[in-house]
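Okay, thanks everyone, I'll keep this short. Let me put the sequence and the structure up on the screen, and then we'll go through some ring contacts and a sheet.

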Amino acid sequence: MRLTSLEAFARDRLAQQKAAGRERRRRVIERWIDASPVAVVEGRDRIVFCSNDYLGLARDPRLQSALTTAARSGAGSGASHLVCGHSEEHHLLEEELARFTQRPRALLFSSGYLANLGVVTALTARGDRVIEDKLNHASLIDAALLSRAELVRYAHGDASAAKERLSATQGQPPADDSTGCTLLVTDGVFSMDGDLAPLPELAAAAADAGAWLMVDDAHGLGVIGASGRGSLELAGLDVRAAPVLMGTLGKAFGTFGAFVAGSEELIELLIQNARSYIYTTALPPAVASATRASLSIVAGAHDDRARLRAHIELFRREVPRLGLQVLDSHTPIQPVVLGSNERAVAASEALWERGLWVSAIRPPTVPEGTARLRVTLCANHTHSQVLQLIEALSQVARQLS
């Protein structure tokens with residue numbers, strides 16, 4: 001049988017995606033207007049309500065200064081950390097991240113996806129079990145599959161279901177080629193729903209079962225907790241209760257990259273065994289320098305977090321009055337569920353025409369029938385900009401009905 005050409009295969013797949021309302025497109029940002037949440041996109045000014053720059057630091061002059069100063073010494077790291085790519089800026093940032101998260105050590109990765117792949121594949125193997133929330137980030141699901149461990153998923157946010165899955169692993173003899181480990185893995189803040197994982201209950205279930213709890217707090221660090229140390233700070237859990245913490249630097253910290261924080265032993269194990277760390281070029285040192293500047297700001301950003309909370313409270317108070325379904329989230333991620341792909345895309349386009357950029361999120365990123373607008377609120381949004389969004393949503397709600 002003759003195989004179809006690659007081009008014909010691609011055209012067929014793309015046509016199927018378009019017919020299902022799943023076609024994605026990239027918009028080109030020409031420039032941002034200073035440190036505001038307003039961008040010039042394809043020649044038109046748009047207030048951006050789909051960024052993960054929760055504290056508005058991505059274009060902060062203090063980060064820009066640190067980045068440009070450090071970049072005078074070079075644009076790239078030149079190699080992986082274990083060859084000759086590990087600079088003093090990287091090392092200092094790891095030490096400062098460890099202090100910020102109140103853990104013995106931290107290890108930089110070049111992205112959150114690589115960090116999750118590195119951790120799960122270094123800690124588990126065929127014959128082990130990785131137990132995950134059904135709405136975990138795709139990188140955590142892929143990490144478990146790549147590890148060749150048995151992937152077991154439990155109902156979203158259901159600590160009792162997680163405990164049942166953990167109980168099923170107790171008393172089972174480990175396979176010959178397994179490490180004998182069980183890893184319980186969850187997002188701290190779920191990226192598409194915006195809700196918090198039940199971390200105290202998950203930590204207790206993991207401890208009872210002799211498992212290790214891993215928390216991906218990409219969307220919690222910087223904005224959740226009294227000091228911005230994320231969902232683990234809010235839950236009052238330390239390194240003993242949650243031995244593995246993954247955080248990203250491209251969201252509330254405003255730069256790029258990721259890190260894992262935990263015990264001395266965990267970090268050394270990852271340095272020696274995490275393939276996505278060993279075989280990846282290190283972040284540019286200038287990015288590490290900018291992140292150090294960001295970290296010093298985030299620790300004291302109490303006013304910014306208070307302003308962000310005020311935006312969230314305003315949005316949650318007003319939008320349900322419009323007859324729109326807002327999920328139970330008290331984080332900067334405020335999903336407005338519209339159901340069908342067509343309704344979500346139409347709402348996104350209608351907001352775009354009103355000067356607002358809000359992404360339509362559709363399956364397979366979210367479950368079937370839950371296509372939505374993923375509104376993200378940031379500390380550098382103004383009160384009047386949030387009111388403008390609410391008014392535009394009221395017009396869109398009338399248009400959709």
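Let's start at W352: the charged end of R46 sits over that ring, 4.7 Å from its centre. And keep in mind that this is a predicted model. R27 has its charged end over the ring of W352 too, 3.7 Å from the centre.

Now, rings with rings. How many aromatic pairs does the structure hold? Three. Take F100 and F253: that pair is edge-to-face, with 6.0 Å centre to centre and 80° between the planes. F100 belongs to helix α4, residues 88-101, while F253 is in the loop between β9 (244-248) and β10 (258-262), so the pair ties together parts 153 residues apart in sequence. Both F100 and F253 are buried.

Then there's F109 with Y277. Their ring centres are 5.5 Å apart and the planes sit at 65°, so this one is edge-to-face as well. Here F109 comes from strand β4, residues 105-109, and Y277 from helix α11, residues 275-278, so parts 168 residues apart in sequence get tied together. Buried or exposed, what is F109? Buried, at 2% relative accessible area. Y277 is buried as well, at 5%.

Last stop, the sheet. We've got an open sheet of four strands, ordered β1-β2-β3-β13, and the pairing is mixed. At the edges are β1 (29-32) and β13 (356-357), each pairing on one side only. Further in, β2 (residues 38-41) and β3 (residues 44-48) run antiparallel, joined by four bridges.

Definitions and conventions: Residues are numbered from 1 along each chain as its sequence is written. This is a predicted model: local features need pLDDT of at least 70, side-chain atom pairs count only at pLDDT 80 or more; totals for chains, interfaces and linings use all residues. Side-chain values use heavy atoms; hydrogens and water are left out. Two strands pair if DSSP finds at least two bridges between them. Helices (H or I, at least four residues) and strands (E, at least two) are DSSP runs, numbered from the N terminus. Rings of Phe, Tyr and Trp (its six-membered ring) pair if their centres lie within 6.5 Å; planes under 30 degrees apart count as stacked, over 60 as edge-to-face and the rest as tilted. Buried means under 20% relative accessible area, exposed over 50%, partly exposed in between (1.4 Å probe, protein chains only). A charge sits over a ring if NZ of Lys or CZ of Arg is within 6 Å of the ring centre and within 35 degrees of the ring normal.
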